[in-house]
Amino acid sequence: MRDRLTLSTLGPLAALFALILLGAGLNENFLSAANVTNVLARSAFIGMIAVGMTFVITSGGLDLSVGSMAAFVAGMMILAMNALQPSLGVGLPLALAGIGVAILVGLLAGLANGLLITRAGIEPFIVTLGTMGIFRSLVTWIADGGTLSLDFSMREFIGPIYYGGILGVSWPIIAFAVVVVIGEVVMRHTRFGRYCEAIGSNDKVARYSAVKVERIQLLTYVALGLLVGFATVLYVPRLGSASGSTGLLWELEAIAAVIIGGTALKGGFGRVWGTVVGVLILSLIGNILNLANLVSPYLNGAIQGVIIVLAVVLQRRKSSAEGR
Amino acid sequence: MRDRLTLSTLGPLAALFALILLGAGLNENFLSAANVTNVLARSAFIGMIAVGMTFVITSGGLDLSVGSMAAFVAGMMILAMNALQPSLGVGLPLALAGIGVAILVGLLAGLANGLLITRAGIEPFIVTLGTMGIFRSLVTWIADGGTLSLDFSMREFIGPIYYGGILGVSWPIIAFAVVVVIGEVVMRHTRFGRYCEAIGSNDKVARYSAVKVERIQLLTYVALGLLVGFATVLYVPRLGSASGSTGLLWELEAIAAVIIGGTALKGGFGRVWGTVVGVLILSLIGNILNLANLVSPYLNGAIQGVIIVLAVVLQRRKSSAEGR
Amino acid sequence: QDKTHVIGVSIPSATHGFMGGLNWHAQDTIARLEATYPQLDFVLATAGEPTKQVADIEDMVATRNIDALVVLPFESEPLTGPVKAVKDAGKFVTVVDRGLSVPGIEDLYVAGDNEAFGRVAGEYFKANLPSGAKIVVLRGIPTTLDNERVDAFEKAIDGSGIEVLDKQHGDWNRDKAFTVMQDYLSKYPKIDAVWAADDDMAIGAMAAIEQAGRKDEMWIVGGAGMKEIIKRIMDGDPQLPVNVTYPPAQISTAIELTALKYVSAAPVTGRFIIGSTLVTPENAAQFYFPDSPF
Amino acid sequence: MTTLALAGVYRSFGPIEVLHGIDLELHPAEVHALIGENGAGKSTIMKILGGYLAPSAGQVLLDGRPVTYASGPEAEAQGVVVIHQEFNLAPDLTVAQNIWLGREMGGLFLDHRAMREATQGLLDQLECKVRPDARIRDLAVSDRQMVEIAKALSRNARVLIMDEPSAVLTHREVEVLFRQIDRLRSQGVAILYTSHRLDEVSHLADRITVLRDGAVVRRAGRGELTEDGMATAMVGRDLKDIFPPRRTSFGPVALEVRDFHVPPLVHGVSFTLRRGEVLGISGLVGSGRTELAEGLVGLRPHHGQILRGSAPAQVRSLPEAAAHGIAYLTEDRKERGLLLTKTLRENLTLSTLADFGAPIISRKLEDAALTRAISDFDIRAPSREMAVGNLSGGNQQKLLLAKTMLPEPEVIIIDEPTRGIDIGTKSQIYHFIDRLAREGRSVIVISSDMPEVLGLSDRVLVMRQGRVAGELAGEAIRETAVVRLVMGTSEEISQNA
Ligand SMILES: Nc1ncnc2c1ncn2[C@@H]1O[C@H](COP(=O)(O)OP(=O)(O)OP(=O)(O)O)[C@@H](O)[C@H]1O
Ligand SMILES: Nc1ncnc2c1ncn2[C@@H]1O[C@H](COP(=O)(O)OP(=O)(O)OP(=O)(O)O)[C@@H](O)[C@H]1O
Ligand SMILES: [Mg+2]
Ligand SMILES: [Mg+2]
C-alpha cells in the first residue's frame with residue numbers, strides 16, 4: 001500500500017483540508033479548541049461504528065441495522081441501569097454494569113445479524129434491513145413510544161464519560177482514536193484484515209485458500225455489533241436517553257463515511273483511516289453549515305449532498321491515474 | 001432461464017402465497033375486490049420505480065435518490081400546474097402539461113444521476129446519496145418548509161388518474177402492469193436487458209464485446225428517472241401535494257423489493273417479475289398488519305422485518321440447490 | 001345499542017417525544033374505552049409518512065368496516081383527498097391537530113393551537129428580555145406547522161428589539177438539537193435565551209449549554225409539556241422558567257368525543273381548540289403526568 | 001502478402017518496457033506460431049494486434065496500411081479476432097448469451113431460438129457437450145475454453161489470434177481444435193497461435209517466431225526447428241532431461257481412498273497413494289477428476305472413506321484437509337486460485353498466513369517467503385508490488401504453485417499444474433515435484449497434458465465418466481494404453497495392467 005500513498009490516499013485528505021479551510025474562512029471560532037472538541041467528540045459514535053462497517057464492507061457485506069442497533073443497545077443499557085440502580089446504587093458498579101450490558105447486547109445483536117447472513121445464507125442487505133426494523137421497533141415498544149431516560153442522578157454520574165477526559169482531550173475522542181488505531185492495525189497487519197480483503201475480492205479464492213469464510217464474515221458483524229455497543233457507551237452519557245429516533249440514519253452516514261474514505265462498496269479493499277477522514281468530512285459539513293449562515297437552512301441537505309459528491313470527485317480525480 | 005423455473009423462481013412466489021393465505025385467514029375482507037384494488041394500486045408507485053431499479057441494480061448500479069426524486073418531481077409538477085392554471089384553465093391541457101413536466105423532470109433527474117456516475121466515474125452510492133439530499137432539500141426549499149399543493153379544483157379533475165380506471169381495474173394497476181410487462185420483455189428479450197446483465201456480471205467482458213457500457217448504464221438511470229416521473233404522475237392525483245416528507249424511504253423499499261425478488265445486489269442477474277413479487281410482498285405486509293390488531297403498533301416494524309427475512313429465507317432455501 | 005361500532009384511529013408513528021406521548025395517550029384511551037364499552041371496537045394504525053397513512057385509512061375502510069375515523073394527519077395536504085373520500089363514504093370523521101386543507105370535511109375537529117404555541121412563547125420572551133437581547137431558535141422538522149409556530153413567535157416578539165441570531169432545524173430531535181446548540185454556542189459569544197420549539201429539543205440544547213459551562217448565561221423555553229421539563233419548572237429551575245403546552249392528550253379528547261357519538265345521545269360535532277397555555281412554576285403541578293412516557 | 005503485421009513495436013507498462021521493437025507478419029492461409037518463455041511478451045503482442053492495447057511506439061499494419069484501433073471490438077469489426085489467454089466471458093450469462101454478446105441476433109427483440117441453434121451448431125462443430133443454456137459460472141475451465149473458441153469461430157475472422165487455447169484442453173479436444181484450425185487455414189484465415197506444448201507447434205505451425213524477453217530471437221519456417229530446437233531458442237540454453245528419472249522406492253501408504261463418491265458425477269473411486277509416489281490421473285474433460293480432487297479436500301460434499309496412513313480422516317472442509325496435511329491446487333487459477341487485484345505477497349501467503357506471525361503479520365517473513373518462491377519457481381514479475389492480474393499467465397500459475405506448496409503438505413493434489421507454463425519452467429516444476437516425492441511426500445497430478453502424465457507418474461489412474469476406468473503402473477504406462485482407457489475402447493488392458 002505504501003507506494004500508493006501519493007495518489008489515491010491524498011484524495012479524501014484533500015477534500016478534508018478543503019473543508020477545514022472553508023470552515024476557518026467562514027468563522028473564526030471554527031478552529032477553536034471548543035469547536036474542534038465538539039466536532040471530534042460527536043464524530044466518535046458514527047466513527048467507531050464506521051470503523052466496524054469498514055470491515056463488514058471490505059469483506060463484501062453490508063449492515064443497514066447499525067443505527068437501530070445503537071438505539072436498541074442504548075435502550076437496553078438504560079433499562080438495565082434503571083433496574084439495577086436500587087440494588088447497586090449510583091456509582092461505579094452501576095456504570096460498569098451498564099457498560100457491560102451495552103457491550104453484551106451489541107455483541108449479541110451483531111451475532112444475530114452475522115448468523116442469519118452466514119448460516120442462513122441470506123443477503124446482508126435483506127437481513128439487516130429486517131433487523132433494522134426489528135431493533136427500532138423494539139426500542140419504541142420498550143419505551144412505550146416515548147423516551148427511555150436514565151435516572152437523573154446516574155446521568156450526572158456517568159456524564160463525564162462523554163464530557164470528561166484527560167489532558168484536555170475528551171473520552172470519546174480518545175476512545176475513537178484507540179478504535180481507529182486498532183482498526184487500522186487489524187486491517188493492515190493481521191490475518192483477520194487480510195482475510196476480509198480476500199473474501200471481499202473473491203470469496204471463492206478465499207475458500208480455496210483454506211480461509212474460513214463464514215467465520216470471518218460472522219466475526220465482522222460481531223465486531224461491528226461490539227463497536228455499536230462501545231459507541232452507545234459513549235452516547236448514553238451524553239443525553240442519558242434513548243428513543244425510537246435515536247441513531248436515525250446513522251447507518252447511511254456510516255456507510256457513506258466508509259465509501260467516501262475510499263473503501264470499495266463491492267468489497268475487497270478497505271481503508272480504516274480513510275473511513276476516519278470520511279467521518280470527519282461528514283461531521284464537518286454539518287458543523288460548517290451550522291456555523292455559517294450561508295443560505296436558507298432548507299438547503300442544508302442540498303449543500304451537504306453537493307459537498308459529498310465533490311469530495312469524492314476530488315478523490316477519484318486524483319486516484320483515477322491508478323486505474324482503480 | 002426456463003429450466004430453472006422449478007427452483008429459485010418458486011421462492012418469492014411461495015412467500016407471496018404464504019402471505020396471501022395469512023391475510024385471508026385473518027380477515028374475510030382481505031380478498032375483497034376493494035382491498036385487492038387498494039393494495040395493487042398503492043403498490044404501483046414503488047412498483048414502477050422498483051422495475052427501473054431492477055435494471056439499475058442488474059447492471060451493477062444503485063440509486064438511493066428515487067424517493068427524494070419522486071418528491072422533487074411531484075413538487076415541480078404541482079408548481080408547474082399551479083403556474084399554468086391561469087392560462088390553461090382546469091382541464092385536460094393542464095393535466096397533460098403536468099404529466100409532461102413530471103416526465104421531463106424525472107428524465108432530467110435520472111440523467112443527472114447517470115451522467116455523474118458514468119462521466120465523472122463516482123460510485124453510484126455516493127452520487128445518489130448526494131442527489132438524495134439535494135432533491136429533498138430542493139423540495140423543502142421550494143415549499144418553504146411546508147407543503148406544495150395542487151389547486152383543489154385541479155386535484156378533483158386529475159383525481160381519476162389514480163382513482164378511476166376501466167372495466168373495474170384502476171389506472172395505477174393498469175399502468176403498473178404495462179410497465180412490468182414492458183420491463184420483463186426489455187430485460188429478457190432485448191439487447192438492453194442483455195447488456196445490463198452482461199455489465200453487471202463483468203463490465204470488462206461487456207466492454208470487450210463492443211457493449212457501450214457507459215451508455216447502457218446511463219440509460220438505466222435515465223429509465224429509472226422516467227419511471228419515477230411516471231410514478232409521480234400517479235402519485236400527485238392521489239395526494240395532490242408534495243413536501244419534504246414525500247417519498248420518504250421509498251428508495252429502501254424499492255431496493256428491498258428488487259432483492260427480495262431475486263435480483264442480485266451485486267448485479268449480473270435481473271428478474272423483473274421477481275421485483276413485482278417483492279413489491280407485492282412488501283405492500284401485503286403493511287396491509288396485513290392493518291387487517292388484524294395483532295400486537296402493539298410499536299411492533300409493526302419488527303413484524304415487518306421478520307416477515308421480510310422469512311420471505312427471503314423461504315426463497316433461498318428453495319434455490320440453494322442451485323448453489324447460488 | 002347492540003350493534004358493534006368500529007372506530008378507526010390513524011396517527012403518525014412515535015418518531016419523537018410529542019408523537020410518542022400522543023401514541024401513548026391514544027392507546028391508553030382506546031384500552032380504557034374498549035373496557036368500558038364492549039359495543040365499541042377500535043382499529044389503531046400508525047404511519048411514518050403520508051402515503052402509508054393514506055394506505056392505512058384505505059385499509060380501514062376496505063377491510064375493517066369502520067363507522068368513524070379519528071385522524072391526525074401526518075400532513076394536511078396529502079390527507080385531504082383521502083379523508084374526504086372516507087367522509088363521502090358516509091363515515092363520521094374526526095380530525096385532530098392538523099386541519100385539512102379544505103374546510104368542512106370533518107364532523108369534529110380537535111386541535112391544539114400552533115399559532116398560540118408560538119405566540120405565547122414569543123410574548124414571554126418579549127416580556128422578559130430587554131431590547132437588544134440576543135436569542136437563538138431551534139425549529140422542528142420543516143413542515144407547515146413548524147412554519148406557523150415560528151411565524152407566530154416572530155410576530156410576537158416583533159418590535160421588542162430582541163435579536164434572533166439564528167434559527168436552524170433541530171428536527172424535534174434531542175441529538176440534532178444538541179449538535180445545533182453546540183454549534184450556536186461556538187458561533188455566538190453571547191446568547192441570552194433559547195426558544196426550542198419542542199421539549200425534546202430543549203433537553204438536547206440544555207445538555208449542550210451545560211457542557212459549554214454557559215448555564216447561567218441563558219434560559220430556555222421549550223414546548224409541549226414534557227414531564228421532565230414540567231417537573232423542573234415545578235422545582236423552580238432558573239434555566240427553565242416556563243413552558244408552553246401543546247397537549248398530546250388532545251388525541252384522547254378526540255377519541256372520547258367520537259366514541260361518545262355511539263354510546264350516548266349527545267350530538268358531537270364542532271371544533272374544540274385546546275389552547276396553549278404558559279406553564280409557570282405556580283401552575284406547573286396541573287400539567288404534570290408522571291405516568292405518561294412524554 | 002501480409003494481412004496483419006507489427007512494425008517496430010514497443011510497449012511499456014509504467015517504467016518497464018516489455019516489448020522492444022517487434023516485427024511480425026501474418027499471412028493468409030497460414031498458421032504462425034509465437035513461442036517464448038513465460039513473460040516473454042506473447043500475450044502483449046496478441047493484445048496489440050487485436051486492438052486491446054496500443055503500442056507505445058511502432059505500428060500495426062492491416063493489409064499494409066497503418067491502423068490504430070480505439071478498442072478490441074473495433075479491430076474485431078475489421079475481422080481481427082482474439083481468443084484471450086484469460087477468459088473473457090461473463091459468468092452470469094449463459095453460453096449462448098456470451099457467444100452472441102454485443103452481436104445479438106434479432107431485430108427489436110432478441111431471437112433466442114436462432115442464437116441457441118447457432119450456438120448448438122458451433123458447439124457441435126467443436127464436439128462440445130455443453131448446453132447453450134448452461135451458465136458460464138457452472139462450467140469447468142475446459143468447457144469455458146471451448147466456449148471461448150466457439151465464440152471466436154462465430155466471428156468470421158480474417159485474422160484469428162489464439163493465446164494458449166489448448167492450455168486447459170485434453171488431447172481429444174485439442175484434436176477437434178486442430179481440425180477447426182485446419183479448416184480455417186484452408187479458408188484463407190491468417191492464424192497466430194501460442195502454446196507451451198511444443199508438439200502442437202511443430203504439428204500446426206507453418207511459420208514460427210521465437211520470443212525472448214520482449215524481442216524476437218529466431219524465425220523459422222515449417223520443419224526448420226525441432227521441438228528441442230524450439231526449447232533451446234526460447235530458453236537460451238540447452239534443455240536436457242525434461243523429466244526427472246523415475247523413483248524406485250516408496251514408503252508406506254500415505255493416503256487411502258475407499259469407495260469414494262462425489263455426487264453427482266464421481267462414484268466408487270478407490271486408490272492408495274504411498275509416500276514418495278507420484279500418482280497421475282488422466283481422463284477426458286468432464287470425467288470427474290477435478291470433482292474427485294475437490295471432494296478429497298472437502299470442497300465438495302462427498303461420502304466414502306479417506307485414510308491418512310492407517311487412521312480414518314474426516315475431511316469436510318479445506319482447513320480440515322490442511323490439518324491432515326493435504327493440499328490442493330485448483331485448475332481454475334483466475335476464479336479460485338488467485339486474488340487478481342492483490343499483490344504477489346498477499347496471494348502467496350493467503351492460505352498459510354498463520355505461519356507468518358500472530359497477531360501481527362510479519363512483513364519481513366512474508367517478503368522472505370516471496371523471495372524464496374520467486375527463485376524456487378522462477379516467477380518473473382516486473383515488480384513485487386504489482387497486482388497479480390498483471391502478471392503473465394504462466395507466471396500466475398507459478399505463483400499459484402508456490403502458494404500451494406508453501407504449507408509443505410504431505411499429500412499434494414495438483415490439478416493441471418503446468419497449465420500455460422513454458423517448457424523450461426515446466427522442467428523445473430517436474431524436478432520440484434520429484435524432489436517433493438523423494439522427500440517422502442505424495443503427489444497426485446491431474447493433467448490433461450499426456451506427456452506430462454506419462455513422464456512424471458509412478459502410477460496412472462484413468463477416469464472415465466466419474467469412475468476409475470483402470471490403473472497403470474511402471475512399464476505399462478504408455479500413451480496407447482492410457483488413451484485406450486481414456487476413450488473406453490478396451491477393457492482388457494486395464495485387467496492386464
Ligand atoms: N497490465 C500490465 N501491467 C504491468 N505489467 C504487465 C501488464 N500486462 C503484462 N505485463 C507484463 O508484461 C510482461 C509480458 O507479459 P505477457 O503476458 O505478454 O507474457 P506472455 O509471453 O504471454 O507469458 P505467458 O506465457 O506466461 O502467458 C510480463 O512481465 C508481464 O508481467
Ligand atoms: N462449479 C460447478 N458447478 C456445476 N457443474 C460443474 C462445476 N464444476 C464442474 N462442473 C461440471 O462437472 C463436470 C466434471 O468436471 P470436472 O472439472 O470434474 O472434470 P475433469 O475431469 O476435471 O475435467 P477437466 O479436464 O475439464 O478438468 C463438468 O461437466 C463440469 O461442467
Ligand atoms: Mg500469455
Ligand atoms: Mg479438471
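## Reading two chains by their numbers

Guide: Let's start with burial: of the 324 residues in chain A, 62% count as buried, where buried means under 20% relative accessible area, exposed means over 50%, and partly exposed lies in between (1.4 Å probe, protein chains only). This is a predicted model, where local features need pLDDT of at least 70, side-chain atom pairs count only at pLDDT 80 or more, and totals for chains, interfaces and linings use all residues. Residues are numbered from 1 along each chain as its sequence is written, chains are lettered from A and ligands numbered from 1 in the order in which they are written, and side-chain values use heavy atoms, with hydrogens and water left out.

Visitor: What share of the residues of chain C count as buried?

Guide: For chain C, 65% of its 294 residues are buried.

Visitor: And how many helices and strands does chain A have?

Guide: Helices (H or I, at least four residues) and strands (E, at least two) are DSSP runs, numbered from the N terminus. Chain A has 13 helices and 4 strands, while chain C has 9 helices and 12 strands.

Visitor: Which charges are counted, and how far apart are the mean positions in chain C?

Guide: Lys and Arg count as positive, Asp and Glu as negative, and His and the chain ends are not counted. Each charge is placed at NZ of Lys, CZ of Arg, CG of Asp or CD of Glu. In chain C, the mean positions of 26 positive and 41 negative charges are 1 Å apart. Chain A has 20 positive and 14 negative side chains, with the centres of the two sets 9 Å apart.
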